[in-house]
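Student: I would like to learn how to read the helix packing and the local features of a structure such as this one. Could we go through it together, with the general idea given before each case?

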Amino acid sequence: MSAETVSRSPREAVQGPGPSGSGPRRRPRGRTLTRVLPLAPAVVLLAIFLLGPVIWSFYGSFTDAALTGSSAQDPQWVGLDNYLTLFKDPVFPLSLWLTFVFVVASAIVGQNFLGLGIALLMNRASKVVSAVVGTAVVAAWVLPEIVAAFVAYAYFSEDGTLNQVLAAAGMTGPNWLYSFPMLSIILANAWRGTAFSMMVYRAALNDVPVEVTEAAMIDGADGIKRLTWITIPMIKNSIATNLMLITLQTLSVFTLIWVMTAGGPGNESTTLPIMAFQEAFKFGDIGYGTAIATVMLLIGAAFSLVYIRALRPEKV
């Protein structure tokens with residue numbers, strides 16, 4: 001072996017020297033353009049229909065844009081006034097807290113755990129039972145949001161299905177939408193969105209090797225230990241992905257809440273989407289409404305960063 005060969009790195013010894021005789025081999029520029037060019041239309045469409053409205057909305061939050069009057073024709077730049085007004089608004093901290101409660105209770109706890117539980121039970125059930133349960137759960141998910149909202153309203157209203165069932169059992173139910181507005185919309189959103197989590201977890205559970213589970217059973221591990229030490233670690237990426245998607249979906253839920261309670265009574269169920277809609281289209285202050293929407297965008301981005309970090313592969 002020559003001295004020149006010994007001085008080269010193992011990778012260079014296998015791949016050979018670069019075009020200049022030393023250093024890493026560079027990819028031809030024409031080859032890179034050939035690979036990137038087919039993506040250009042998709043990038044342009046994303047920029048026009050996704051990034052463009054986001055930038056325009058962000059700009060609008062710094063103006064006094066309105067639905068009527070002189071500000072509707074010629075919005076003026078007002079700097080941080082909308083944000084300063086927002087942080088002085090007593091409704092804003094309440095809406096922020098109600099949004100947090102709604103997302104955690106109906107999505108992270110409700111949809112996530114219900115979906116995982118139903119998926120685990122369906123894996124053990126017979127095909128007939130599994131098909132019936134799956135159809136019943138998915139039926140709520142495939143309904144258009146406005147239809148699901150009216151169904152939930154009919155269920156929780158004062159003369160609705162729930163109180164009719166309680167009356168048949170000799171009990172008098174309260175006006176759920178008035179006495180317990182947040183509980184009603186949390187249950188309704190969990191009912192509607194559980195099917196998505198169930199399908200994600202069913203697909204993930206099907207990828208867990210049967211041999212690993214059987215080996216754990218032979219070693220004496222009960223169901224809780226197999227779930228804790230084998231199943232959940234093997235589907236953790238699916239859990240993180242599902243949590244990210246249902247969190248972002250629930251953060252933007254509007255129709256369900258608006259149809260059931262319209263944010264009331266008072267502001268007891270006014271989440272951030274309801275507050276943004278009311279300020280922008282009920283009171284006509286578009287600039288203030290877009291400032292609230294921008295805060296929602298930042299909250300969603302923060303959740304996404306947390307989940308994306310959780311999805312990173314562990315360094316060995």
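Student: How close do the axes of helix α8 and helix α12 come, and at what angle do they cross?

Tutor: Axes are lines fitted to C-alpha atoms, for helices over the stretch in contact, and angles run from 0 to 180 degrees between N-to-C directions. In this predicted model, the axes of helix α8 (residues 127–142) and helix α12 (residues 181–206) come within 6 Å and cross at roughly 130 degrees. Angles under 35 degrees count as roughly parallel, over 145 as roughly antiparallel, 65 to 115 as roughly perpendicular and the rest as oblique, and α8 is therefore oblique to α12. Here helices (H or I, at least four residues) and strands (E, at least two) are DSSP runs, numbered from the N terminus.

Student: What is the handedness of the crossing of α8 and α12, and which residues make the contact?

Tutor: A crossing is left-handed if the near helix is turned anticlockwise from the far one by less than a right angle, and right-handed if clockwise; that of α8 and α12 is left-handed. Contact means heavy atoms within 4.5 Å, and among the residues that make it are Gly 134, Val 138 and Trp 141 of α8, together with Trp 191, Ala 195 and Met 199 of α12. If Ala, Val, Leu, Ile, Met, Phe, Trp, Tyr, Cys and Pro count as nonpolar, Asp, Glu, Lys and Arg as charged, and the others, Gly among them, as polar, the residues of this contact of α8 with α12 divide into nine nonpolar, three polar and two charged.

Student: Is Ala 136 buried or exposed?

Tutor: Buried means under 20% relative accessible area, exposed over 50%, and partly exposed in between (1.4 Å probe, protein chains only). Ala 136, which is found in helix α8, has a relative accessible area of 53% and is therefore exposed. Ala 136 and Ala 195 are 59 residues apart in sequence, and their C-alpha atoms are 9.1 Å apart in space.

Student: At what angle do α17 and α18 pack?

Tutor: Helix α17 (residues 272–282) and helix α18 (residues 286–311) pack at an angle of about 160 degrees, with their axes 7 Å apart, and α17 is therefore roughly antiparallel to α18. The crossing in which α17 passes α18 is left-handed. Among the residues in this contact are Leu 272, Met 275 and Phe 281 of α17, and Ile 286, Ile 292 and Met 296 of α18. The residues of the contact of α17 with α18 divide into twelve nonpolar, one polar and one charged.

Student: How do α7 and α15 cross?

Tutor: The axes of helix α7 (residues 91–124) and helix α15 (residues 236–251) come within 9 Å and cross at roughly 140 degrees, so α7 and α15 are oblique to each other. Their crossing is right-handed. The contact includes Phe 102, Ser 106 and Gln 111 in α7, and Asn 242, Ile 246 and Thr 250 in α15. The residues of the contact of α7 with α15 divide into seven nonpolar, seven polar and no charged.

Student: What does the side chain of Ser 95 lie 3.0 Å from?

Tutor: A polar contact is a pair of N or O atoms within 3.5 Å; within protein, one must be able to donate a hydrogen and the other to accept it, and residues adjacent in sequence count only if both atoms are side-chain atoms. A polar atom of the side chain of Ser 95 lies 3.0 Å from the backbone oxygen of Thr 270. Ser 95 has its place in helix α7 and is buried, with a relative accessible area of 0%. Leaving out residues up to four places away in sequence, Ser 95 touches Thr 270, Thr 271, Leu 272 and Met 275.

Student: Which peptide bond is cis?

Tutor: The bond from Gly 264 to Pro 265 is cis, with omega near 0 degrees, and Pro 265 lies in the loop between α16 (255–260) and α17. Ala 262 also lies in the loop between α16 and α17, and has a positive phi of about 55 degrees although it is not a glycine.

Methods:
Residues numbered from 1 in each chain as written. Predicted model: local features only at pLDDT ≥ 70, side-chain atom pairs only at ≥ 80, totals over all residues. Heavy atoms only, no water.
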